[in-house]
Amino acid sequence: MLLVFVGYSQKPIDYVNPFIGTSNFGATNPGAIAPRGMASVSPFNVAGSQNLPLEKDSRWLSNPYVNENTFLTGFSHVNLSGVGCPDLGVILTMPTTGELNTNHLEYGSTYDFELAKPGYYSVNLSKYKVKTEVTATTRVGVSKYSFPKGQSNILINLGLGLTNEEGATVKIVSPTEIEGMRNVGSFCYYKPEESYPVYFVAKFSKPADDFGVWKKTRKYDGLEGQWMPYNGKTRLYKNYRKEVIGDSIGSYFTYHFDKPTEVEVKIGVSYVSIENARKNLEKETQSLSFEDIYKNTASQWSDLLSKIEVEGGTRDDKTIFYTALYHTLIHPNTLNDVNGEYPAMGKRETAKTDGTRFTVFSFWDTYRNLHSLMSLVYPKQQSDMVKSMLNIYDESGWLPKWELNATETTTMVGDPAGIVLADTYLRGIQDFDIKKAYEAMRKSATQLDNNPLRPGIKDYIKKGYLTTKTTNSGSVSTTQEYNITDFAIAQLAKKLGKKDDYKLFSKRSVTYRNLFDREFNLLRPKNDDGSWYSPFNPNKGANFEKNLGFIEGNSWQYTFMVSHDAKALMKLMGGSKKYVAKLDEVFDKNQFDMANEPDIAYPYLYNYAKGYEWKTQERVTNLINEYFINKPAGLPGNDDTGTMSAWLIYSMMGIYPVSPADPLYTLTTPRFDKIIIHLDNRYYKNKKLVIEKKGSGKLESFSINGKTNNSFFISHKALTNTPKIQFNLKE
């Protein structure tokens, strides 16, 4: 049973339903987190046979919580939201009653009466009749356990986690404090040699009557194992104060209550040191109560969510909209501690920042829409994200590709960071070192040897495309990704007056045309000798089937991705009618994949074909209705660190950044009657932008200052410089 808190006041925060995306592999969780928080407290219900088939070791599972599951084994304190690969989901606390049991498969419990809202989650553990409430600051997870009379235990399990990464330390400092470390990393199980520690300090509001550490010993089958009475068993270190190191380890605090009692647990985390985890805990929670902390965090959420106000639409419309906005404010998240320290990229030496060092840059996903949304609504955050990207360049020599807690996972393909840098600058967020940014972008686009961001770059420059020999997967889609980044570099070069670079990268941005096969009117892989790869099945590659030409998709799902060159692609296909007909085929043949990024802009491409703009409105409306609902399965798949949510936010507002690094929006019918975006005066001259819908039916034009425009495109500058834009609809 799950409950969603709704107050009587109708503020944006009241509409958020954190359970959306917790089913259908949305990979979100309903736990408590502060905006852009390092720490988060998520219910953990993906371990144990009771949770089959959605159990973490039985399948590929990237989230600590699944709505359908029923067996909870604790609350993890560092988590990822909406990602496609497992990592983190560690430092698990669990309240129990009765005799001490350290086996999570035995002490786990069913649960009911779940309730979630931004910054807060609560649940009743049926087995123990213990109510658990959690909240969080940026770097501290806070829990409140309401125990019944009798023996109660609070466990910190460092052996259990979302992945099978191992290694931890734990030390009981006093009857009210525990410190330690848990090893994490190996995102997607890539680069296991780059695992790293997350440190923690836990403080309890009441001193324990008994405490200790446990360690599960591995089973030895040899002769020597016969001399070990603890062979394969759990060893208890009662009242032990020294550090314990191992894989399956944890600590326990035991209480003997003579009446129902509440205990609060605050866990500060850090990626630098135990001492910094302690500083984070002390600075952010001090002597604050659970209620005080939640109130502060809820206030932060309310302020950020209120940057956009909507009128009209149904209650469910508002719920999915504000939940999406909530999800876009989780990642990228904070990496630095309260003293500014963080682990630098590469060697993980301690560095220091005066601002916020962000992490979790899932650029293959987020370059398409999330960062432009941040530039529009939260430009200061976007500016700090860009500065974090440039810090990574300083520390490692390269821009990030898919960065996670100061490690480069090298997940996915392409060279997407430059797109974000260019797009941000071209939208007017320019308070960063553009000279360094351009240098970094150009390096990844031109260095021929030892280039981690552009594998196959020699073929790309020589032939204009990657071949089936260059790479064993994704030759076409990687070519397209490089094209899009080169387009971004060209646009920035033009802005900066670099004429030669503008010509060079403009030419390179359209080399995908070499892979256009008129036989299929689709893109097709080529071999090293320039011949077409055969036999070719354009359907092959859907549903994550591996193929030579495309990554996580097929030719249908990639051909139209080059929106920066839509008019030329239209000409290649034989004109607008054939372009539209081919685009229709993608949808009609069920080749469109709402759950993945390559074709995410497809519904908006009809706006490039005059007279067919109504198809964009129809497609977008139908996709919202089909895939985005006020239920746990209310996302089409992985939220991809907010990318799917950003698509929804834009689509419900009636604007979409269809071509990354091209600062314009294409239009569709807004879901709401009125949208007010409160603009940041540090970056925009107006205090707010009002988008208003007039009439009903199909969108025909828009009006600014009484002047009607029949175009279905508007520049970012024109949009943000007008106090009001009216969308004119007609039956």
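In this predicted model, helix H9 passes helix H11 in a left-handed crossing. The axes of H9 and H11 lie 11 Å apart, and the two helices pack at an angle of about 145°.

**Helix H9 and its partners**

- Two packed helices are described by the angle between their axes and the distance between the axes.
- On the H9 side of the contact with H11 stand Ile434, Tyr438, Met441 and Ala445, and these meet Asp486, Ile489, Leu492 and Ala493 in H11.
- Sorted by class, the residues of the contact of H9 with H11 are seven nonpolar, no polar and one charged.
- H9 also packs against H12, here at an angle of about 45° and with the axes 13 Å apart, and that angle makes H9 oblique to H12.
- The crossing of H9 and H12 is left-handed, and the contact brings Tyr438, Arg442, Ala445 and Thr446 in H9 together with Asp501, Leu504, Phe505 and Arg508 in H12.
- The residues of this contact of H9 with H12 divide into four nonpolar, one polar and three charged.
- Tyr438 and Ala445 are among the H9 residues that meet H11, and Tyr438 and Ala445 are also among those that meet H12.

**The two sides of helix H12**

- Helix H12 covers residues 499–508, and its buried residues are Asp501, Phe505 and Arg508.
- An α-helix has 3.6 residues a turn, so residues three or four places apart point the same way.
- The face of H12 turned away from the buried side carries Lys499, Lys503 and Lys507, which are exposed.
- What covers the buried residues of H12? The cover includes helix H9 (434–446), helix H10 (457–463) and helix H11 (475–495).

- The axes of helix H16 (residues 613–627) and H17 come within 11 Å and cross at roughly 130°, which makes H16 oblique to H17.
- H16 passes H17 in a left-handed crossing, and the contact is made by Val620, Leu623 and Ile624 of H16 together with Trp647, Leu648, Ser651 and Met652 of H17.
- By class, this contact of H16 with H17 has six nonpolar, one polar and no charged residues.
- Ser651, which has its place in helix H17 (residues 643–653), is one of the residues that make this contact.
- Is Ser651 buried or exposed? Ser651 counts as buried because its relative accessibility is 1%, and the cut-off for buried is under 20%.
- Leaving aside residues up to four places away in sequence, Ser651 touches Tyr604, Val620, Ile624, Thr668 and Thr669.

**Ile274 in helix H2**

- Ile274 is found in helix H2, which covers residues 274–285.
- Once residues up to four places away in sequence are set aside, Ile274 touches Glu179, Gly180, Tyr199 and Val201.
- Ile274 and Ser146 are 128 residues apart along the chain, and their C-alpha atoms are separated by 28 Å.

**Backbone details in the loops**

- Most residues other than glycine have a negative phi, and most peptide bonds are trans.
- The peptide bond from Leu52 to Pro53 is cis, with omega near 5°, and Pro53 has its place in the loop between strand E3 (40–43) and strand E4 (75–76).
- A cis peptide bond also runs from Ser534 to Pro535, with omega near -10°, and Pro535 is placed in the loop between strand E28 (522–523) and helix H13 (555–558).
- Ala27 has a positive phi of about 65° although it is not a glycine, and its place is in the loop between strand E1 (2–4) and strand E2 (32–33).
- With 1% relative accessibility, Ala27 counts as buried.
- Ala661, likewise a residue other than glycine, has a positive phi near 70°, and it is found in the loop between strand E29 (655–656) and strand E30 (664–667).
- Ala661 counts as buried, at 1% relative accessibility.

Key. Residues are numbered from 1 along each chain as its sequence is written. This is a predicted model: local features need pLDDT of at least 70, side-chain atom pairs count only at pLDDT 80 or more; totals for chains, interfaces and linings use all residues. Side-chain values use heavy atoms; hydrogens and water are left out. Buried means under 20% relative accessible area, exposed over 50%, partly exposed in between (1.4 Å probe, protein chains only). Helices (H or I, at least four residues) and strands (E, at least two) are DSSP runs, numbered from the N terminus. Contact means heavy atoms within 4.5 Å. Axes are lines fitted to C-alpha atoms, for helices over the stretch in contact, and angles run from 0 to 180 degrees between N-to-C directions. Angles under 35 degrees count as roughly parallel, over 145 as roughly antiparallel, 65 to 115 as roughly perpendicular and the rest as oblique. A crossing is left-handed if the near helix is turned anticlockwise from the far one by less than a right angle, and right-handed if clockwise. Ala, Val, Leu, Ile, Met, Phe, Trp, Tyr, Cys and Pro count as nonpolar, Asp, Glu, Lys and Arg as charged, and the others, Gly among them, as polar.
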